[in-house]
Amino acid sequence: MRSLRLFPKMGLFLAANALLAGALLAGIMPALAQETLTQAEHEQQYDACMVLVQRDPASALESAIEWEKQDGGDAAKHCQARALVGLQRFEDAALLLERIAQTLPQVKAGTASEVFAQAGYAWRLAGKNQLALHDFNEGLKLNPQNAELLVDRANLYGENGMFFEALDDLNAAVDLAPDRPDIYVFRASTYIDMEELELANDNLEKALSLAPDFPEALLQRGRLRALEGNADAARQDLMQILEIAPRSAAAEAAQRQLEKLDIKPE
């Protein structure tokens, strides 16, 4: 559902809008729908609301509030939260998502875990990392086997220099999802910051064996090679990102790394 997160101090990059598209546009409607409308009607209303969020979040918020009055329930509230994010009212969105998660019945613990994760994202965009950590913790209490949420919390730990805590979560995530290259890239980035370059290289090799053209893995390998003093090899990795994903956040980061190497892209 979600892809690579941002480690500002570690060099892993992702645009906030793409992150929220994965997190807040998640397909949780079936678990949130109320019984007063048919499932098909709820899905149609929800889909229409989410489309409107992309075009006009202010109108989407209005529409979702009216829908809630017509027994739209948590699905309508979820669309309101997404509209609030579109309006950059991140704290309001986080609080609303928390209320949804807290009031979901126990049988929907998995869905509540995901909504807590989304609330955490919104708190992060609001610059409230401690509140984000609280919501990530709450989500993991409900679903300790959620590899995605472990990565989310590791990301937050990493941004705050809590590298051992980040590694604990990443190790657990690898055990749960051993075929996900992004987790190995996160772990490699953490090891680089801990100056454990051999372990970083091992994780990047694993990531690239799973996804040979994975831009974020190439970005971290370029970073690692630069630290090792191999500017030519670093340049090769960074230039490859510009070729395969020229409009990506990884490409922007590669450009910056090239400038640090005092190398001008061809």
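**Close-up views of a disulfide and an aromatic pair**

**View 1. Handedness of the Cys 49–Cys 79 disulfide.** The disulfide of Cys 49 and Cys 79 is left-handed, because the torsion about its S-S bond is about -100°. The model shown is predicted. In this model the sulfur atoms of Cys 49 and Cys 79 lie 2.0 Å from each other. The structure contains one disulfide.

View 2. The bond between Cys 49 and Cys 79 links distant parts of the chain, 30 residues apart. Cys 49 belongs to helix α3, which covers residues 39–55, and Cys 79 belongs to helix α4, which covers residues 57–86. Cys 49 has a relative accessibility of 2% and therefore counts as buried. For Cys 79 the relative accessible area is 0%, so this residue is buried too.

**View 3. The aromatic pair Tyr 121 and Phe 136.** One aromatic pair is found in a search of the whole structure. Its ring centres, those of Tyr 121 and Phe 136, are 6.0 Å apart. The ring planes of Tyr 121 and Phe 136 meet at 75°, so the pair is edge-to-face; the cut-off for this class is over 60 degrees.

View 4. Tyr 121 sits in helix α6 (residues 109–125), while Phe 136 sits in helix α7 (residues 129–142). The two residues, Tyr 121 and Phe 136, are 15 residues apart and link distant parts of the chain. Tyr 121 is buried, with 2% relative accessible area. Phe 136 is also buried, at 0%.

Key:
Residues numbered from 1 in each chain as written. Predicted model: local features only at pLDDT ≥ 70, side-chain atom pairs only at ≥ 80, totals over all residues. Heavy atoms only, no water. Disulfide = S-S within 2.5 Å. Helix = DSSP H or I, 4+ residues; strand = E, 2+ residues; numbered from the N terminus. Buried < 20%, exposed > 50% of the residue type's maximum accessible area, 1.4 Å probe, protein only. Phe/Tyr/Trp six-rings, centres within 6.5 Å; stacked < 30°, edge-to-face > 60°.
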